[in-house]
Amino acid sequence: MMVQQTTPEAAVSGVTTAAELNVAGTRGPSFGEPIVEYLLRLGDDRLILGHRLSEWCGHGPILEEDIALANIALDLVGASSMLLGLAGELEGKDRDADALAFFREGVQYRNALIVELPRGDFGFTIMRQFLFDAYSVVTLDALASCGHAGLAAIAAKSLKEDKYHLRHSSEWVVRLGDGTEESHNRVQASLNELWRYTGELFERDTIDEAVAAVGITLDRDALHAKWESIVNDVLQRATLTIPEKTVMASGGRRGRHTEHLGHLLSVMQSVARAHPGATW
Amino acid sequence: MAASVKDSPNDISSNGKDTDGQWSLWEVFTQPGKGAPHEHAGSVHATDAEHALQNARDVYARRGEAVSIWVVPADVIVASAPGDAGPFFDPGNDKAYRHPQFYKVPRGVRVF
Amino acid sequence: MTQPTTVTADESALVAAFEARIAAGESIEPKDWMPERYRRQLIRMMSQHAHSEIVGMLPEGNWITRAPSLRRKMSLIAKVQDEAGHGLYIYCGTETLGVDRHELVEQLLDGRAKYSSIFNYPTLSWADMGVIGWFVDGAAIVNQTILAKASYGPYARAMVRICKEENFHKRQGYEICATLANGTPAQREMLQDAVNRFWWPSLMMFGPSDTDSPNSAELLKWRVKRKTNDELRQRFINLTVPQAAAIGVTLPDPDLKFNAETNNWDFGEIDWDEFFQVIGGNGPCNRERIAARQQAQDEGEWVRAAATAHASKQHRTVQAA
């Protein structure tokens, strides 16, 4: 992973001034057509976040919430399955969603760093979910009317689900932020820790430019502004404050991850990889 | 016995926190399809109305069983007592004239 | 177990009327008069059932993060989630008897309440996800289909809902098993090993033989239970033997034989010592299961308190406005 002191826009070039945590090289192995890479980014975000949420199953703070988190996890894994499936089709190397999920290395994963961080306490999970949900809703809303029919259809379906996720996570952020002193402090600490991972969500690079050719043209600045407005509104209701002067982390889109992803994958892929070629 | 009906059914302040620190109980009614009546599905614990709605949605509409949900604080529901069953409901039993079968119609005529 | 010794004349008339209603197949509703023992037996049985659903999330939840395909991952999450839902339905049913879920959870955590012995066995391979669905959910369905006709209305209604939802559980379990059975030698071996580990504990799930089951007679009389433990166990075995044959796995009981006279599959001796050890807290995973629930409860404390605090702040704001 790399650390950049940049606004998201400055990352357009995909080349960064290496900082203290840099790993040599700017990009992991690539996947041919830009649309494939683009779909992997969307699919991997949802797979990894869904996986993290599913770790709560049976361990939630109250039964009702256990069920709610599982619903969100299911929606996310379901969306990732469609996105990876489409990526595999377009890649044309006979890899289906499972092959992409279970037989890629960490450096071949394209998710943003924020989704791979360990689940933390419930406040961390909810704050991460909220920041991601708001990003997902504004992004899918734009993608639902993009010129790539396959992706637009998936986006339209997922958008409905994600709007509910956002409603759920927003309410929880407010409850925790404006709850007890302990809950306020915990969730503020989570926000402080997570904020540096939000810049990556609105980065633009050559892949974003290249997919314009297949009808995908997102105005990241406009999306970022919409996202900020949702986030500011909820954080204000929650009496929480955005940390100042945050150095944004980056790298997931290029396969440069935190160390957490490797551990997640070694668990997730263990059975599938122990029996290559098996059907389940 | 069912002690959920409290003395002051309108005391909303009891919502959110029960005496033992548990979230209060809400009864959930789901409408299985447009135009159908809402039916009792079960209950959830929640701190406020929006929370109860979300919990009800996640618990009782996981399989798309509902197009609409009502949630009602359990302690504001007023119910008839089993002991009243006789005086409350028996008088309705012998009023045959309230039912269409009471009325004779000439053979072969379709009334509706 | 016997009836309380002091029964007033009034009460004995009420008991007679109550038992007459049950004999006539009526269902008992929360506000109806009921003998205190009926109420207590129901709370015991329903909360045990709810606890079993909740603790039952753990052995399967253990494999969610390792499910070998996205489809399997989703169906396993959905299944474990259903168990949370089923626990919730039954807790809600129990609450109609005037006891809080909070109190019931305390009883689970401090060991006063029991849950199904099967969930104290570890899940050691992916095949366990198949075998648990097939055996454990199969056994639960046999049990719950009958409980859907129980005399207490809220319990019976919860069971109807649960049975409807649980149909997919057993099917997904059996499908996993069938897929493994058709798979590589390693997958077949994994499957047979899981069958070997879970067969006997699954038979124990129905509880001790009726001759040794302290509560059976009374529960049957009040139609809280509708069939004996032995009847249900036999029914499960009769259903399962042909299913095992169909996918070519061997049930680990050399005494399993079809009895043409009774139309039942006769089976070997169940190791009841093991059962009572597990029930008594000394199964392979009893401590881990309760510790996991305790941890969830403890770590959730601040979250539940925050939601409560927020709601009362909101309430004050609304009142002040």
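Reader: In S3(B), which residue is the bridge partner of B:Val28?

Author: The model shown above is predicted, and in it strand S1, residues 24-31 of chain B, pairs in the antiparallel sense with strand S3, residues 68-73 of that chain, over six bridges. Within this pairing, the partner that B:Val28 finds in S3(B) is B:Val71.

Reader: How many of the residues of strand S1 of chain B are buried?

Author: From S1(B), B:Ser24, B:Trp26, B:Val28 and B:Thr30 point one way, while B:Leu25, B:Glu27, B:Phe29 and B:Gln31 point the other way. A residue is called buried if its relative accessible area is under 20%, and the residues on both of these sides are all buried. The strand is thus described as mostly covered, and the number of its buried residues is eight of eight.

Reader: In what order do the elements of chain B run from the N terminus on?

Author: Chain B has 112 residues, of which 32% are buried, and its secondary structure comes to two helices and three strands. Among its contacts with a separation of 6 or more, 45% are between residues 24 or more positions apart. Read from the N terminus on, the order of the elements is β-β-α-β-α.

Reader: Which element gives the most to the side of chain B that touches chain C?

Author: Chain B brings 24 residues to this contact and chain C brings 28 residues, and across the interface there are eight residue pairs in polar contact. On the side of chain B, the elements that give two or more residues are strand S2 (39-46) and helix H1 (49-60). By class, that side divides into eleven nonpolar, seven polar and six charged residues. The element that gives the most, with three residues, is S2(B).

Reader: With which residue does B:Arg62 form a salt bridge?

Author: The area buried between chain B and chain C is about 2200 Å², and carbon and sulfur atoms give 55% of it. Four salt bridges are found across this interface. In the one formed by B:Arg62, the closest N and O atoms are 3.0 Å apart, and the partner is C:Glu165.

Reader: What area do chain C and chain A bury between them?

Author: This contact takes 45 residues from chain C and 48 residues from chain A. The size of an interface is often given as the accessible area lost when the parts come together. For chain C and chain A, 71% of that area lies on carbon and sulfur atoms, and the whole is about 3900 Å². In chain C, the residues that lose the most area to chain A, together 20% of what that side buries, are C:Leu70, C:Gln81 and C:Trp302, but the value asked for is the area of about 3900 Å².

Reader: Which element gives the most to the side of chain C that touches chain A?

Author: Between chain C and chain A there are two salt bridges, including the one in which the side chains of C:Arg101 and A:Glu64 meet at 2.7 Å, N to O. Several helices of chain C give two or more residues to this side, among them H4 (70-95), H7 (153-181) and H12 (286-320). The one that gives the most, with 14 residues, is H12(C).

Terms used. Residues numbered from 1 in each chain as written. Chains lettered and ligands numbered in written order. Predicted model: local features only at pLDDT ≥ 70, side-chain atom pairs only at ≥ 80, totals over all residues. Heavy atoms only, no water. Contact = heavy atoms within 4.5 Å. Buried area = accessible area lost by both parts, 1.4 Å probe. Polar contact = N/O pair within 3.5 Å; in protein donor to acceptor, adjacent residues only side chain to side chain. Helix = DSSP H or I, 4+ residues; strand = E, 2+ residues; numbered from the N terminus. Nonpolar A, V, L, I, M, F, W, Y, C, P; charged D, E, K, R; others polar. Buried < 20%, exposed > 50% of the residue type's maximum accessible area, 1.4 Å probe, protein only. Pairing = 2+ DSSP bridges.
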